[in-house]
Amino acid sequence: RNWGHPRLISLVERLAVDVKAHDGWSGLLVGDISQPRGGPMLTGRSSHQIGLDADIWLTPMPNRVLTREEREQMMAVSMLRGPLNVDRQRWTHVHTQLIKLAASYSEVERIFVHPAIKQVLCDHAGRDRNWLAKVRPWWGHHYHFHVRLGCPRGSPGCRPQRPVARADGCGA
């Protein structure tokens with residue numbers, strides 16, 4: 001589940017460096033990317049098939065290198081207090097900045113987060129709201145955010161997403 005297109009791997013590495021430099025996030029924990037030769041994930045979900053999707057945990061990397069066993073056993077932490085509410089004890093300004101930074105990259109086409117997280121992002125966005133158009137509410141994304149890149153040049157089998165609306169998606 002750790003195979004990705006070179007553009008995706010490059011973006012994840014750049015995001016890890018940028019968020020550490022700007023916001024003090026200690027490093028990224030990355031969940032699923034793709035199967036070695038594509039195809040559906042073991043769970044049967046249809047995303048993550050062509051190496052252009054990555055799940056990035058909303059838990060920062062500990063300030064040390066994890067052992068192989070720790071990487072396999074570590075559990076992500078939900079950002080929810082209930083099914084429709086973000087736990088304000090866990091969610092910080094840096095979480096908002098991390099997602100905003102990821103959305104700022106031109107190659108990122110979509111970011112999926114839990115609807116309650118989208119609401120918090122809308123509440124904390126301030127005046128610069130353009131990046132919110134890429135951030136879409138999607139159930140199940142309460143411990144990570146899902147990054148989807150646009151189709152790279154020379155990828156005839158890749159179908160681009162419909163363009164995002166200009167609105168921030170923070171209405172009703």
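These are my notebook entries on what I looked up in this predicted model.

**Entry 1: the overall layout**

I began with the secondary structure and found that the protein has four helices and six strands. Reading from the N terminus on, I wrote down the order of the elements as α-β-α-β-β-α-β-α-β-β.

**Entry 2: helix 1 against helix 3**

Next I looked at how helix 1, which covers residues 6-23, lies against helix 3, which covers residues 93-104, and I found that their axes come within 10 Å and cross at roughly 135°. That angle makes helix 1 oblique to helix 3, because only angles over 145 degrees count as roughly antiparallel and those from 65 to 115 as roughly perpendicular. I also recorded that the crossing of helix 1 past helix 3 is right-handed.

Which residues meet where these two helices touch? On the side of helix 1 I listed Leu-15, Asp-18, Val-19 and Asp-23, and on the side of helix 3 I listed Val-94, Gln-97, Leu-98, Leu-101 and Ala-102. Sorted by class, this contact of helix 1 with helix 3 has six nonpolar residues, one polar residue and two charged residues.

While I was at helix 3 I also looked up His-93, which lies in that helix. His-93 counts as exposed, because its relative accessibility is 56% and the cut-off for exposed is over 50%. The C-alpha atoms of His-93 and His-124 are separated by 8.0 Å, although these two residues are 31 residues apart along the chain.

**Entry 3: the disulfides**

I turned to the cysteines with one reminder for myself: a disulfide is a covalent bond between the sulfur atoms of two cysteines. How many disulfides does the count come to? I found two disulfides, and with bonded cysteines counted along the chain they follow the pattern 1-4, 2-3.

Cys-122 lies in helix 4 (residues 115-124) and Cys-170 in the segment after strand 6 (144-149), so the pair ties together parts that are 48 residues apart in sequence. Cys-122 has 7% relative accessibility and therefore counts as buried.

The other disulfide that I looked up joins Cys-151 to Cys-158, with an S to S distance of 2.1 Å. Its torsion about the S-S bond is about -80°, so the disulfide of Cys-151 and Cys-158 is left-handed. Are these two cysteines buried or exposed? Cys-151, at 26% relative accessibility, counts as partly exposed, whereas Cys-158, at 15%, counts as buried; the cut-off for buried is under 20%.

**Entry 4: helix 4 and what covers it**

Since Cys-122 lies in helix 4, I went on to list the buried residues of that helix, which are Ala-116, Ile-117, Lys-118, Val-120, Leu-121 and Cys-122. What covers these buried residues of helix 4 includes strand 2 (80-82), strand 3 (85-86), helix 3, strand 4 (108-113) and strand 5 (135-137). Just after helix 4, I noticed that Gly-126 takes a positive phi of about 75°.

I looked up Val-135 first, and I found it in strand 5. Val-135 is buried, because its relative accessible area is 0%. Leaving aside its neighbours within four places in sequence, Val-135 is in contact with Ile-99, Ala-103, Ile-111, Val-113, Lys-118 and Leu-121. Of these, Lys-118 and Leu-121 are also among the buried residues of helix 4. I noted as well that the C-alpha atoms of Val-135 and Val-113 are separated by 7.0 Å, with the two residues 22 residues apart along the chain.

I then turned to Val-164, which lies in the segment after strand 6. At 29% relative accessibility, Val-164 counts as partly exposed. With neighbours within four places in sequence left aside, Val-164 is in contact with Glu-109, Arg-110, Ala-133, Lys-134 and Arg-136. The C-alpha atoms of Val-164 and Glu-109, which are 55 residues apart along the chain, are separated by 8.2 Å.

Conventions:
Residues are numbered from 1 along each chain as its sequence is written. This is a predicted model: local features need pLDDT of at least 70, side-chain atom pairs count only at pLDDT 80 or more; totals for chains, interfaces and linings use all residues. Side-chain values use heavy atoms; hydrogens and water are left out. Axes are lines fitted to C-alpha atoms, for helices over the stretch in contact, and angles run from 0 to 180 degrees between N-to-C directions. Angles under 35 degrees count as roughly parallel, over 145 as roughly antiparallel, 65 to 115 as roughly perpendicular and the rest as oblique. A crossing is left-handed if the near helix is turned anticlockwise from the far one by less than a right angle, and right-handed if clockwise. Contact means heavy atoms within 4.5 Å. Ala, Val, Leu, Ile, Met, Phe, Trp, Tyr, Cys and Pro count as nonpolar, Asp, Glu, Lys and Arg as charged, and the others, Gly among them, as polar. A disulfide is a pair of cysteine sulfur atoms within 2.5 Å. Buried means under 20% relative accessible area, exposed over 50%, partly exposed in between (1.4 Å probe, protein chains only).
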